[in-house]
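Here is a short briefing on one protein model. Confidence comes before two residue close-ups.

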Amino acid sequence: MKDNRPAAPEGVTYKLQKALAQAGLGSRRDMEQWIIAGRVTVNGATAKIGARVGAHDEVKVDGRILQAAAPSQLPQVLLYHKPEGEIVSSDDPAGRPTVFDKLPRLRGAKWVAVGRLDFNSCGLLVFTTSGEIANRMMHPSFELDREYAVRVLGKLTDEQIARLRSGITLNDGVARCQSVESEGGEGANRWYRIVLKEGRNRIVRRMFEALGLQVSRLMRVRFGPVGLPSRLRRGQFQELAPDETRQLLSSLGLPVPAHPPRALRDSAQTRRRPHRAR
């Protein structure tokens with residue numbers, strides 16, 4: 001796996017599915033399915049489950065050379081303040097603006113979006129080169145909090161707040177808020193801060209619609225242990241510093257590599273500074 005990043009120690013090998021997951025292609029389970037399907041080759045031969053790869057092995061996925069990150073390196077984690085009017089998809093038949101057009105380019109890896117926000121929603125999006133991080137944050141079994149600031153036309157009654165907390169039946173099952181807090185407001189609009197442990201499609205809007213209320217603005221402010229930085233303006237991104245990435249891995253119960261990551265640019269200071277998306 002040829003790479004511009006510091007190479008793994010000579011002779012050290014890693015499980016193939018782990019190396020693929022670290023490259024941001026998906027979870028280890030997904031990578032196992034890719035290997036079984038014959039989509040992966042190592043040094044020209046079709047890979048098998050249990051294969052191990054090192055710094056000098058050539059790995060291809062669907063015929064394309066992969067520059068995979070060795071598990072001894074920290075993955076990259078990027079925070080993006082999504083504005084309304086962008087989709088969280090790399091391909092849109094309608095040609096709408098996509099968040100992926102705004103992210104810094106990677107070589108030999110790709111950004112994996114941790115969850116989604118719909119076209120008309122804004123706030124925190126987390127991207128990573130690690131399929132393991134993405135899977136751990138998104139999988140329902142881990143029940144990570146999603147916190148939102150919600151502006152509605154009208155005011156929730158005590159009964160409606162109780163229904164949000166106890167559970168509302170939607171067409172794809174019951175959805176409930178862990179907490180609902182009033183944040184005030186002026187005129188006909190009121191702000192609320194809500195926390196859920198799932199991320200079904202448009203779940204917040206659908207819950208409020210079931211109560212007969214229209215959401216006029218929806219902003220995600222936290223996903224699990226990651227919050228939206230106060231100085232990160234809409235359309236800007238910043239990468240987590242190495243210590244922050246280690247803290248995230250630890251909080252998710254994932255192994256923490258000892259080696260420092262490859263910075264997007266020359267220093268951790270550059271890494272931490274918000275960047276205006278292109």
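pLDDT is the predictor's confidence in each residue, from 0 to 100. The protein has a mean pLDDT of 85, and 86% of its residues reach 70 or more. This is a predicted model: local features need pLDDT of at least 70, side-chain atom pairs count only at pLDDT 80 or more, and totals for chains, interfaces and linings use all residues. Residues are numbered from 1 along each chain as its sequence is written, and side-chain values use heavy atoms, leaving out hydrogens and water.

**Thr-128**
- Thr-128 sits in strand β9, residues 122-128. Strands are DSSP runs (E, at least two residues), numbered from the N terminus.
- The Thr-128 side chain reaches the backbone oxygen of Gln-76 at 3.0 Å.
- Beyond four places in sequence, its contacts include Pro-75, Gln-76, Trp-111 and Ile-133.

**Pro-225**
- Pro-225 is in the loop between β15 (214-223) and β16 (226-227).
- Leaving out residues up to four places away in sequence, Pro-225 touches Leu-144, Leu-248 and Ser-251.
- Asp-145 is 80 residues from Pro-225 along the chain, and their C-alpha atoms are 8.2 Å apart.

Definitions and conventions:
Helices (H or I, at least four residues) and strands (E, at least two) are DSSP runs, numbered from the N terminus. A polar contact is a pair of N or O atoms within 3.5 Å; within protein, one must be able to donate a hydrogen and the other to accept it, and residues adjacent in sequence count only if both atoms are side-chain atoms. Contact means heavy atoms within 4.5 Å.
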